[in-house]
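These are my notebook entries on a structure that I had not examined before.

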Amino acid sequence: ISIDGNGDLLQLKQRSGIIAYGTLHCLPLVFPVLIYHLKQVVKFKYKLFFTFILMLSSYLLLNSGTTTPIILSLFGVVLALVISKNNKRNFLVVFLLMLIYFLFTSNTLLIAMLDLVLPYFSGSAVYNKINDIQDLLKYGEVSGQIGNREELYNVSWETFFENPIMGSSLLKDGGGHAYFIDKLAYLGLLGTIPLFLFFYFQFKVIYVLLNSNVKPYYLLSILLFILLGFSKNLGGFTYWFFMFFMIPGLSVYSFMDNKK
């Protein structure tokens, strides 16, 4: 729902229970930590609770018509289900998944798989995006919404390479659709490196406080956040609330029966 500039309508939608755009894109970031708790807890009521939250969130994403959160969710859930506290094993799992993808996935197979899932998104915005992806695989050219987004990314990259040190002084010179790429265009390396250092030290402070068992899942949430930041514009309070409060809070808190 597009309600830019209409504050009254935004408040009405929020009071009616309509989920915010930012919240929708942040839900996949929480999945790895939720799956960690689902794997760790013993009591049935906790397992039922986390299963319900994951199913409800997945239902919201599938009915939202937004492609990026769905892709991030699939990626995050698969990795969260197979990773463990053994970092060597986690690296091997990620490496094997990437190897399998590059060795056994062809354009023909991808097109066939997209044909299988296409009917499930009939009548939604995802349906048109899947068609655009199939055109890209078949003809090597992008069109529709995907083509428009590629043009926005290219605008930001072109602006950055014109002045990689200082960036552009005019915000309109960027594409405005990918947070980290846009920051490179607007601020250049001189302004973006401190921003990246802020994220690094903030995540590191949280990371060292966590139990070793949950650390791989927290790192996976950070990875999903980085992927989101390179494909979407992270505007608004919601993204920072999730990354700096909700996800760290869920990572620190233990649902196990522990009196310590």
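**Entry 1: Overall make-up**

I first looked up burial, and found that 35% of the 260 residues in the protein chain are buried. I note here that the model is predicted. I then looked up the secondary structure of the protein chain, which comes to 11 helices and zero strands. Read from the N terminus on, the elements run α-α-α-α-α-α-α-α-α-α-α. I also checked the contacts with a sequence separation of 6 or more; 61% of them join residues 24 or more positions apart.

**Entry 2: The largest nonpolar core**

Which residues touch the most other members of the largest nonpolar core? I found that this core has 40 residues, and that Leu29, Phe199, Phe203, Tyr218, Phe225, Met243 and Ile247 touch the most other members. Helices H2 (21-40), H3 (44-62), H4 (67-82), H9 (179-209), H10 (215-229) and H11 (238-252) each supply at least two residues of the core. The largest share, 10 residues, comes from H2.

Leaving aside neighbours within four places in sequence, Phe199 is in contact with Tyr179, Phe180, Phe225, Trp240 and Phe244.

**Entry 3: H2 against H3**

I recorded two values for this pair, since two packed helices are described by the angle between their axes and the distance between the axes. The axes of H2 and H3 come within 10 Å and cross at roughly 155°. An angle over 145 degrees counts as roughly antiparallel, and H2 and H3 are therefore roughly antiparallel to each other. The crossing in which H2 passes H3 is left-handed.

I listed the residues that make the contact. H2 contributes Leu24, Leu27, Pro28, Phe31, Leu34, Ile35, His37, Leu38 and Lys39. H3 contributes Lys47, Phe50, Thr51, Ile53, Leu54, Ser57, Ser58, Leu60 and Leu61. By class, the contact of H2 with H3 has 12 nonpolar, four polar and two charged residues.

**Entry 4: H4 against H10**

At what angle do H4 and H10 pack? I found an angle of about 155°, with the axes of H4 and H10 11 Å apart. That makes H4 roughly antiparallel to H10. The crossing of H4 and H10 is right-handed.

On the H4 side, the contact is made by Thr68, Leu72, Phe75, Gly76, Leu79 and Ala80. On the H10 side, Tyr217, Leu220, Leu223, Leu224, Leu227 and Leu228 take part. The contact of H4 with H10 divides into 10 nonpolar, two polar and no charged residues.

**Entry 5: Leucine 228**

I next looked up leucine 228, which lies in helix H10. Is leucine 228 buried or exposed? Its relative accessible area is 0%, so leucine 228 is buried. Not counting residues up to four places away in sequence, leucine 228 touches His25, Leu29, Thr68, Leu72, Leu234 and Tyr239.

**Entry 6: Serine 251**

My last entry concerns serine 251, whose place is in helix H11. Serine 251 has a relative accessible area of 4% and is therefore buried. I found that serine 251 touches Val33, Leu210, Val214 and Tyr218, with residues up to four places away in sequence not counted.

Definitions and conventions:
Residues are numbered from 1 along each chain as its sequence is written. This is a predicted model: local features need pLDDT of at least 70, side-chain atom pairs count only at pLDDT 80 or more; totals for chains, interfaces and linings use all residues. Side-chain values use heavy atoms; hydrogens and water are left out. A nonpolar core is a set of buried Ala, Val, Leu, Ile, Met, Phe, Trp, Tyr and Cys residues joined through side-chain atoms within 4.5 Å. Buried means under 20% relative accessible area, exposed over 50%, partly exposed in between (1.4 Å probe, protein chains only). Helices (H or I, at least four residues) and strands (E, at least two) are DSSP runs, numbered from the N terminus. Contact means heavy atoms within 4.5 Å. Axes are lines fitted to C-alpha atoms, for helices over the stretch in contact, and angles run from 0 to 180 degrees between N-to-C directions. Angles under 35 degrees count as roughly parallel, over 145 as roughly antiparallel, 65 to 115 as roughly perpendicular and the rest as oblique. A crossing is left-handed if the near helix is turned anticlockwise from the far one by less than a right angle, and right-handed if clockwise. Ala, Val, Leu, Ile, Met, Phe, Trp, Tyr, Cys and Pro count as nonpolar, Asp, Glu, Lys and Arg as charged, and the others, Gly among them, as polar.
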